[in-house]
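The structure is shown first, and the questions come after it.

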Amino acid sequence: MRNKTYVTGSIIVAYSFFAIVGVAVLTGQLPPLAFAFYMVTSIITFAVYALDKSAATKGARRTSESTLHLLALVGGWPGALVAQQKLRHKSRKRFFRFVYWMTVVLNCAAFSWLFTLGGAAKLQGLIEAIV
């Protein structure tokens, strides 16, 4: 049986991260595109976890763990965290969880780098190249 505090805590972590990104956008430290990117990436990641869970129960072709980790690494980790708890998927495999948390640490390090002068300049250059 799952510990409800743990499930609630995981969701609080994901929502808190979005609150931090939102505050950074509202204070002008990050462009609104940063919030949209994390939100869309998290929704896509949650959906991929849901499809993989469905495939697992049906015995169908599965999503590779490396794909799930890549989605978490590029910014979908809040969606992955919620999916792991809400869908009870990929939440018991210790090695998977270890690698998942390493992707969270790496993504948060990259996110923190955006607040440096060099990171902000790179992000601005990337946005200008896209738009």
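The questions below go through this predicted model, from the overall fold to single residues.

Q: What pattern does the protein follow along the sequence?
A: The protein has 5 helices and 0 strands. Its C-alpha trace spans about 45 × 30 × 20 Å along the principal axes. Read along the sequence, the pattern is α-α-α-α-α.

Q: What share of the contacts with a separation of 6 or more comes from residues 24 or more positions apart?
A: Of the 131 residues in the protein, 38% are buried. Among contacts with a separation of 6 or more, residues 24 or more positions apart account for 67%.

Q: Which element gives the most residues to the largest nonpolar core?
A: This core has 24 residues, and those touching the most other members are Leu30, Tyr38, Tyr49, Trp77, Tyr100 and Phe111. Two or more residues come from each of α1 (4-26), α2, α3, α4 and α5. The most, 7 residues, come from α3.

Q: Where does α3 bend?
A: α3 has 22 residues, and a straight helix would reach 32 Å at 1.5 Å a residue, but the end C-alpha atoms of α3 are only 18 Å apart. The helix bends by about 125°, with proline 78 following within four residues of the bend. The bend is at glycine 76.

Q: Which residues does tryptophan 77 contact, leaving aside its neighbours within four places in sequence?
A: Tryptophan 77 is one of the residues that touch the most other members of the largest nonpolar core. Leaving aside neighbours within four places in sequence, its contacts are Val13, Phe17, Tyr38, Leu71, Ala72, Tyr100, Val104, Asn107 and Cys108.

Q: Why do the buried residues of α5 line one face of the helix?
A: The buried residues in α5 are Gly119, Leu123 and Ile127. An α-helix has 3.6 residues a turn, so residues three or four places apart point the same way. Seen down the axis of α5, the buried residues therefore line one face, falling within an arc of 70°.

Q: Which helices do the buried residues of α5 pack against?
A: α5 (residues 117-130) reaches 20 Å from its first C-alpha to its last. The face turned away from its buried side carries the exposed residues Leu117, Lys122, Glu128 and Ala129. The buried residues pack against α2 (32-58) and α4.

Q: Is lysine 90 buried or exposed?
A: Lysine 90 lies in the loop between α3 (65-86) and α4 (94-113). It touches residues including Tyr49, Asp52, Arg62 and Phe96. Buried means under 20% relative accessible area. The value for lysine 90 is 11%, so this residue is buried.

Q: What does the side chain of lysine 90 join through a polar contact of 2.9 Å?
A: Residues that lysine 90 touches include Glu65, Leu68 and Gln84. The polar contact of 2.9 Å joins its side chain to that of glutamate 65.

Note on methods:
Residues are numbered from 1 along each chain as its sequence is written. This is a predicted model: local features need pLDDT of at least 70, side-chain atom pairs count only at pLDDT 80 or more; totals for chains, interfaces and linings use all residues. Side-chain values use heavy atoms; hydrogens and water are left out. Buried means under 20% relative accessible area, exposed over 50%, partly exposed in between (1.4 Å probe, protein chains only). A polar contact is a pair of N or O atoms within 3.5 Å; within protein, one must be able to donate a hydrogen and the other to accept it, and residues adjacent in sequence count only if both atoms are side-chain atoms. Contact means heavy atoms within 4.5 Å. The expected span of a helix is 1.5 Å times one less than its number of residues. The bend at a residue is the angle between axes fitted to the seven residues ending there and the seven starting there. The arc is that of the directions from the helix axis to the C-beta atoms. A nonpolar core is a set of buried Ala, Val, Leu, Ile, Met, Phe, Trp, Tyr and Cys residues joined through side-chain atoms within 4.5 Å.
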